[in-house]
Amino acid sequence: MDAKAQIVEKALSLGARAAGIAAVDSINRFAPSGYRPDDILQGALSVIVLGGNAPTAGSWRSGTNRVLGSVGYNRSQLTAAARRLAYFVEDHLGYYAIPIPSGNRTGHYPYISLKLCADRAGLGSRSMAGGVILNPQYGLLYFNAVITTMPLEEDGPLADPVCPHSSCVRLWEKKKTTPCISSCPDCLSGEIKAGRIHWMEYRQDCCYPRAQTTSMDVFQKLLLEAVDESDADRRKAILFGSHFTRAVRSIAYSSELSAQCFNCLKRCPVVKRPSRRLR
Amino acid sequence: MPRFVNIDLYNRHKDEIWKLTNAKQRFESQISHRGLTDREIASQLGLTVAAVTEIRCIAENEMISLEKYLDADDTKEQRYKRAPGKM
């Protein structure tokens, strides 16, 4: 088995549902300086991308957004898999490796774009739903990655984009909307032309409080609200209240920190496809 | 660069910096529309990178109101039940 096949097999055995390779040169054609793999690891040549950790099909059927967003998925397993894969590359293949943190470097800016890496690794293509990468087999996937100095053959972008799905193209031709845009018209807008995404806009500032309802930002905002509050009873109501309590718990347990909305994808035919065979 | 950004500097530049970030993203085939990095914004506005980073981080938090977070659960639950195409 060649080294690339070994890496993909190892990634899958560690819990990834899909894995692919992107070349650093290819990523650097799009990523700005400061956000390139070789800004993190000198001499980096390849990025191994792991996809997984999306909500189970049962989570989509939970019937409430709160259950789906709170307990339906967990991103920690893939982070651990990426770290273990990095050790595997160093211990067994003899190249430098570093897992890419999936969190932010400063404010809302990431270390590097995992969406871009996933696209170049052939794990999916950008969608109308905020540019979320959709995988042809699994639909929604979260991504982690390992940057390495090991030269590996790039999988490259998919030949055919996953989005828009043929049913979305038909809906667009009839009603000038798609399931994602109609589910969240304030975060999303766009246009389909000749069966392809012609353009799409995503308002991250609108999405953020819905996707990260109990994350670090709201912790800071409620803390400031409490500090500025002169009334002791109201201060107690803020700090002991349910929202601040959830925010504290989210930070303590690294849960409910991101991706708490899912509304744009709840009726996406690509996301729903894997659940069709279930009973 | 002081440890914390000067609030006058913040107030002077927060709106223009916010507009240059990834807060609003556009994708269009073959055309690049990405938000700018702190280094690129600093170069465009004649500020230090450290100042831009501080201003951006505060603006990212301040520009989204607390109410949006507190109302989010209700908004999401209502939309979760809504049929596609219904605005």
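Predicted model: local features only at pLDDT ≥ 70, side-chain atom pairs only at ≥ 80, totals over all residues.
Me: Let's begin with chain A. What makes its radius of gyration agree with that of a compact globule?
Reply: The globule rule puts a compact chain of 279 residues near 19 Å, and chain A has 20 Å, which agrees. Its C-alpha atoms fill a box of roughly 65 × 50 × 40 Å along the principal axes. Buried residues make up 45% of the chain. Of the contacts in chain A between residues at least 6 apart in sequence, 70% join residues at least 24 apart.

Me: And why is chain B described as more spread out than a compact globule?
Reply: Set the value against the rule again: 87 residues would give 12 Å, but the radius of gyration of chain B is 17 Å, well over that, so the chain is more spread out than a compact globule. The box filled by its C-alpha atoms is roughly 50 × 35 × 15 Å, and 24% of its residues are buried.

Me: What secondary structure does each chain have?
Reply: Chain A comes to 14 helices and 11 strands. Chain B has four helices and one strand, and from its N terminus the order is α-β-α-α-α.

Me: Now the open sheet in chain A. Why do β1(A) and β3(A) count as its edges?
Reply: The strand order is β1-β2-β9-β3, with antiparallel pairing. β1 (18-23) and β3 (97-100) of chain A each have a single partner strand, so one side of each is left without a neighbour in the sheet. On average, neighbouring strands are turned by 25° against each other, direction ignored.

Me: How do you know that β1(A) and β2(A) pair?
Reply: Two strands pair if there are at least two bridges between them. β1(A) and β2(A), the latter residues 46-52, have six, in the antiparallel sense, so by that cut-off they pair. As one example, Gly20(A) has Val49(A) of β2(A) as its bridge partner.

Me: Which helices lie against this sheet?
Reply: One of them is α1(A), residues 3-13, which touches β1 and β2 of chain A and makes about 140° with the direction of β1(A). Another is α6(A), residues 76-93, which lies across β2, β3 and β9 of chain A and runs at about 20° to β9(A).

Me: What makes β10(A) and β11(A) a hairpin?
Reply: The two strands pair in the antiparallel sense over six bridges, with two residues between them. Gly190(A) stands opposite Met200(A) in β11(A). In the turn, Ala194(A) has a positive phi of about 50°.

Me: How do you know that β11(A) also pairs with a strand of chain B?
Reply: The cut-off is at least two bridges. β11(A), residues 196-203, and β1(B) have five, in the antiparallel sense, so this counts as pairing. Trp199(A) stands opposite Glu28(B), and Tyr202(A) has Gln25(B) as its bridge partner.

Me: What else does chain B bring to its contact with chain A?
Reply: The contact takes 31 residues from chain B and 39 from chain A. On the chain B side, β1, α2, α3 and α4 each supply at least two residues. α4(B) gives the most, with 11 residues. By class, that side has 12 nonpolar, seven polar and 12 charged residues.

Me: Last one: why is α1(B) called roughly perpendicular to α3(B)?
Reply: The helices pack at an angle of about 75°, with their axes 9 Å apart. Angles from 65 to 115 degrees count as roughly perpendicular, so α1(B) is roughly perpendicular to α3(B). Among the residues in contact are Leu9(B) and Trp18(B) of α1(B), and Ile55(B) and Ala59(B) of α3(B). By class, this contact has nine nonpolar, one polar and two charged residues.

Key:
Residues numbered from 1 in each chain as written. Chains lettered and ligands numbered in written order. Contact = placed C-beta atoms within 7 Å. Nonpolar A, V, L, I, M, F, W, Y, C, P; charged D, E, K, R; others polar. Rg over C-alpha atoms; globule rule 2.2 N^0.38 Å. Buried ≥ 20, exposed ≤ 12 C-beta atoms within 10 Å, placed from the backbone. Axes fitted to C-alpha atoms, helices over the stretch in contact; angles between N-to-C directions. Parallel < 35°, antiparallel > 145°, perpendicular 65-115°, else oblique.
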